[in-house]
Amino acid sequence: MGVNPEIEGRVYPPTEPYLVGREKIREFARAVFATNPTSFDVDIARAAGHADLVAPPTFPVIVQERALAQLVADPTSGIEPVNLVHSTEHATSHRPVVAGDELSAVLTVTHVTSRGPHTLLVADIEIRDATGNHVSTMTSTLFVRGEE
């Protein structure tokens with residue numbers, strides 16, 4: 001079975017809220033070799049006008065992963081995890097993520113295109129805070145290998 005083309009346009013339910021913590025921001029910042037002191041020092045972040053530590057711009061991938069997991073786990077998608085390659089990623093930030101944010105993601109499958117036995121799938125993931133404000137949008141292109 002290949003990827004089900006009928007999942008194009010499907011919108012998955014919001015993920016469980018993810019509470020952004022200071023130590024998670026610091027850990028992520030160290031992992032991606034971020035050097036901005038607003039990711040490490042609360043006083044510096046507040047002096048810069050933020051409520052708390054500021055996450056690096058790629059931090060929302062943590063929340064995005066939860067939405068992608070819904071797609072892959074969907075038995076009607078036809079996606080076999082062993083055949084899945086995360087091809088490209090594009091992120092658009094609407095505001096910085098700060099410690100204390102509660103973030104949820106909603107994934108929409110925007111394109112499903114067959115390429116011979118393989119499939120390219122594009123998903124837009126909107127990440128919002130607890131008040132519903134748009135924080136970022138992640139666009140993922142997934143390559144799903146088919147049987148040759």
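Let's start with a definition: rings of Phe, Tyr and Trp (its six-membered ring) count as a pair if their centres lie within 6.5 Å, and planes under 30 degrees apart are called stacked, over 60 edge-to-face, and the rest tilted. By that rule, this structure has two aromatic pairs. Before we look at them, a word on the source: this is a predicted model, where local features need pLDDT of at least 70 and side-chain atom pairs count only at pLDDT 80 or more, while totals for chains, interfaces and linings use all residues. Residues are numbered from 1 along each chain as its sequence is written, and side-chain values use heavy atoms, with hydrogens and water left out.

Okay, back to the rings. Y18 and F59 make a tilted pair, at 6.3 Å centre to centre with 55° between the planes. Y18 sits in strand β1 (residues 18–19) and F59 in the loop between α2 (42–47) and α3 (61–73), so this pair ties together parts that are 41 residues apart in sequence. Helices here are DSSP runs of H or I with at least four residues, strands are runs of E with at least two, and both are numbered from the N terminus.

Now for the other pair. F28 and F59 have ring centres 5.3 Å apart and planes at 75°, so that one is edge-to-face. Again distant parts of the chain get linked: F28 is in helix α1 (residues 22–31), F59 in the loop between α2 and α3, and they are 31 residues apart. Put together, ring pairs join Y18, F28 and F59 into a cluster.

Y18 and F59 are both buried; F59 comes out at 0%, and F28 is buried at 14%.

Next, find strand β5 (residues 134–144). Eight of its eleven residues are buried, so β5 is largely enclosed by the rest of the structure. Which strands pair with it? Pairing takes at least two DSSP bridges between two strands. Strand β2 (residues 84–93) runs antiparallel to β5, with nine bridges, and H86 has L142 as its bridge partner there. Strand β4 (residues 118–128) is antiparallel to β5 too, with ten bridges; D124, for instance, partners T139. β4 and β5 form a hairpin with five residues between them, and G132 in the turn has a positive phi of about 90°.

How values were computed
Buried means under 20% relative accessible area, exposed over 50%, partly exposed in between (1.4 Å probe, protein chains only).
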